[in-house]
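Morning, everyone. I have one structure to walk through today. Please bring it up on your screens.

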Amino acid sequence: MNELLNLFMAFFRIGAFTFGGGYAMIPMIQQDILSHGWLTQQQLIDFIAISESTPGPFAVNIATFVGMSQSGVAGAVCATLGVVLPSFLIILIVAKWFGRIQENIYVKAVFYGLRPASIALIAASGINVVAVTLLDLDKYRSTGAAADLLAWKAILLGIVLFAAQKRLKWSPVAFIAISAAVGIIFKF
C-alpha cells in the first residue's frame, strides 16, 4: 500500500509542477524515479522511448509503464491517476475562469515566463537522452578505451534515419518501426 501511495504522490507532484507538456516533465520524472530507485537510468531511457512510441500522451504512458513495473496493475492505475489528476483539476479551474482573466497582465506575464522555462526543460531532457543513447558509458568504464565511449551503432542509425526522414518524408511511424526492426536484427 505504501508503494502505491508513493507512486501516486510522485506522479501527482510531476503532474502538478511541470509545465510545457510531457517532454518538459522528463527532468522531474528522472529525478523522482531515480531517487526512489524504481528504475536505472538506462531503464528510464527505454521507458521514455516506449512512451514516445506508443499512442497516447507521453506523461500518461510513462506513468503507466513505471507504475506497472513497480506494482502491477494497481501501480499503473495509481501512477496514472497521480499524473492526470492535477491537470484535470487545473483544466476545470482554467475552463471556468480563463475567459475572464486571459487579458490580465499578470496572467500574460506568467505565460511569457513559462515558455522559455518549458523550452529549457525540454532541451535538458533531450541532451540527457542523447548522452545516454549515444554514449556507451558502461562499455567505456569497463574497458577505459576512448573508442568504446561512443555507441557508434546508435549514432550511425540516427544519422541514416535523420537523412532518410529529410529526403523521403516518411511518416514518423515508419521510422519507429524501422528503428525497432534494426534494433531486433542487430541487437543494439
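This is a predicted model. Let me start with one serine.

Which residues does Ser51 touch beyond its sequence neighbours? Leaving out anything up to four places away in sequence, Ser51 touches Phe58, Asn61, Ile62 and Phe65. Ser51 sits in helix α3. Is Ser51 buried or exposed? Its relative accessibility is 1%, so Ser51 counts as buried. The Ser51 side chain reaches the backbone nitrogen of Ile62, at 3.3 Å.

Now turn to Ile62. With residues up to four places away set aside, Ile62 touches Phe11, Ile29, Leu44, Phe47, Ile48 and Ser51. So what does Ile62 belong to? Ile62 is in the largest nonpolar core, which has 23 residues. Phe11, Ile29, Ile33, Ile62 and Val66 are the members that touch the most other members. Which elements give two or more residues to this core? They are α1, α2, α3, covering 41-53, and α4. Helix α4 gives the most, with 7 residues. As background, nonpolar side chains tend to be buried together in soluble globular proteins.

Next, helix α2. Which residues of α2 are buried? Ile26, Met28, Ile29, Gln30, Asp32 and Ile33 are. Note that Gln30 and Asp32 are on that list. Just after α2 comes Gly37, with a positive phi of about 75°.

On to charges. How many salt bridges does a search of the whole structure find? It finds 2.

Take Arg13 and Asp32. They form a salt bridge, and the closest N and O atoms are 3.5 Å apart. Arg13 lies in helix α1, residues 2-17, and Asp32 in helix α2, residues 26-36, so the pair ties together parts that are 19 residues apart in sequence. Check the accessibility of each partner. Asp32 is at 9%, so Asp32 counts as buried. Arg13 is partly exposed, with a relative accessible area of 31%.

The other pair is Lys108 and Glu103. Their side chains meet in a salt bridge at 2.9 Å, N to O. Glu103 is at 56% relative accessibility, so Glu103 counts as exposed. Lys108 is partly exposed, at 44%. In general, side chains of opposite charge can pair when their charged atoms come close.

Two more spots before I stop. One is Leu5, in helix α1. Leu5 is partly exposed, with a relative accessible area of 47%. How are Leu5 and Cys78 placed, given that they are 73 residues apart along the chain? Their C-alpha atoms are separated by 7.4 Å.

The other spot is Thr80. Thr80 is in helix α4, residues 58-101. Where does Thr80 stand on accessibility, given the 20% cut-off for buried? Thr80 is at 17%, so Thr80 counts as buried. Beyond residues up to four places away in sequence, Thr80 touches Val60, Ala63 and Thr64.

That is the tour. Over to you for discussion.

Methods: Residues are numbered from 1 along each chain as its sequence is written. This is a predicted model: local features need pLDDT of at least 70, side-chain atom pairs count only at pLDDT 80 or more; totals for chains, interfaces and linings use all residues. Side-chain values use heavy atoms; hydrogens and water are left out. Helices (H or I, at least four residues) and strands (E, at least two) are DSSP runs, numbered from the N terminus. Buried means under 20% relative accessible area, exposed over 50%, partly exposed in between (1.4 Å probe, protein chains only). Contact means heavy atoms within 4.5 Å. A salt bridge is a side-chain nitrogen of Lys or Arg within 4 Å of a carboxyl oxygen of Asp or Glu. A nonpolar core is a set of buried Ala, Val, Leu, Ile, Met, Phe, Trp, Tyr and Cys residues joined through side-chain atoms within 4.5 Å. A polar contact is a pair of N or O atoms within 3.5 Å; within protein, one must be able to donate a hydrogen and the other to accept it, and residues adjacent in sequence count only if both atoms are side-chain atoms.
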